[in-house]
Amino acid sequence: MSSEVSNWIPRRRIRVAVVLASALDIGCGDGSLLIRLPEHAPAVTATGVDYWGTSWDSAQSSCEQRLTSRGLRASFQRMDAARRKFPDDHFDIVVSVMCFHEVHAPAGAATSDPLLALGEALRVLGPGGVF
């Protein structure tokens with residue numbers, strides 16, 4: 001992800017993040033964007049989800065080390081963007097950069113791949129939340 005994008009989104013959301021409690025980064029990859037959220041709004045509980053395929057352990061460890069080295073906290077979970085295991089209305093902010101094109105619908109799904117992920121993002125976003 002370009003540094004321009006990873007810098008722009010947190011600055012844009014900072015006024016919202018200061019008063020809200022939780023953020024979800026869908027397809028967090030190496031954690032570049034996720035790390036920026038608590039840097040700009042330390043009170044935010046940040047959660048990153050990604051599938052990472054066979055490199056899950058390595059990717060999670062890398063993300064956690066990047067956070068720890070900056071004195072920040074966030075959680076990372078291995079999860080399919082189209083089937084997240086969070087309750088409805090759980091997050092105040094949901095962000096995603098360059099992820100939805102990677103989502104694959106399960107066999108027999110009636111909805112296209114990216115729409116499944118988008119529907120899940122909106123399902124876990126609380127009333128008045130920001131996407």
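Arginine 123 and glutamate 120 sit three residues apart in helix 4, so about one helical turn separates them. Those two side chains form a salt bridge, with their closest N and O atoms 2.8 Å apart. Keep in mind that this is a predicted model. It holds four salt bridges, and here's a quick tour of some of them.

**Around arginine 123**

- Glutamate 120 counts as buried, at 13% relative accessibility.
- Arginine 123 comes out as partly exposed, with 23% relative accessibility.
- Aspartate 88 also forms a salt bridge with arginine 123, and here the closest N and O atoms are 2.7 Å apart.
- That pair links distant parts of the chain, since aspartate 88 is in the loop between strand 3 and strand 4 (91–96) while arginine 123 is in helix 4 (residues 113–124), 35 residues away.

**Around arginine 70**

- Arginine 70 meets glutamate 39 in a salt bridge, side chain to side chain, at 3.3 Å from N to O.
- Glutamate 39 belongs to helix 2 (residues 32–40) and arginine 70 to the loop between helix 3 (56–69) and strand 3 (75–78), so this pair ties together parts that are 31 residues apart in sequence.
- Both ends are partly exposed: arginine 70 has a relative accessible area of 41%, and glutamate 39 is at 33% relative accessibility.

**The general idea**

- Side chains of opposite charge can pair when their charged atoms come close.

Terms used: Residues are numbered from 1 along each chain as its sequence is written. This is a predicted model: local features need pLDDT of at least 70, side-chain atom pairs count only at pLDDT 80 or more; totals for chains, interfaces and linings use all residues. Side-chain values use heavy atoms; hydrogens and water are left out. Helices (H or I, at least four residues) and strands (E, at least two) are DSSP runs, numbered from the N terminus. Buried means under 20% relative accessible area, exposed over 50%, partly exposed in between (1.4 Å probe, protein chains only).
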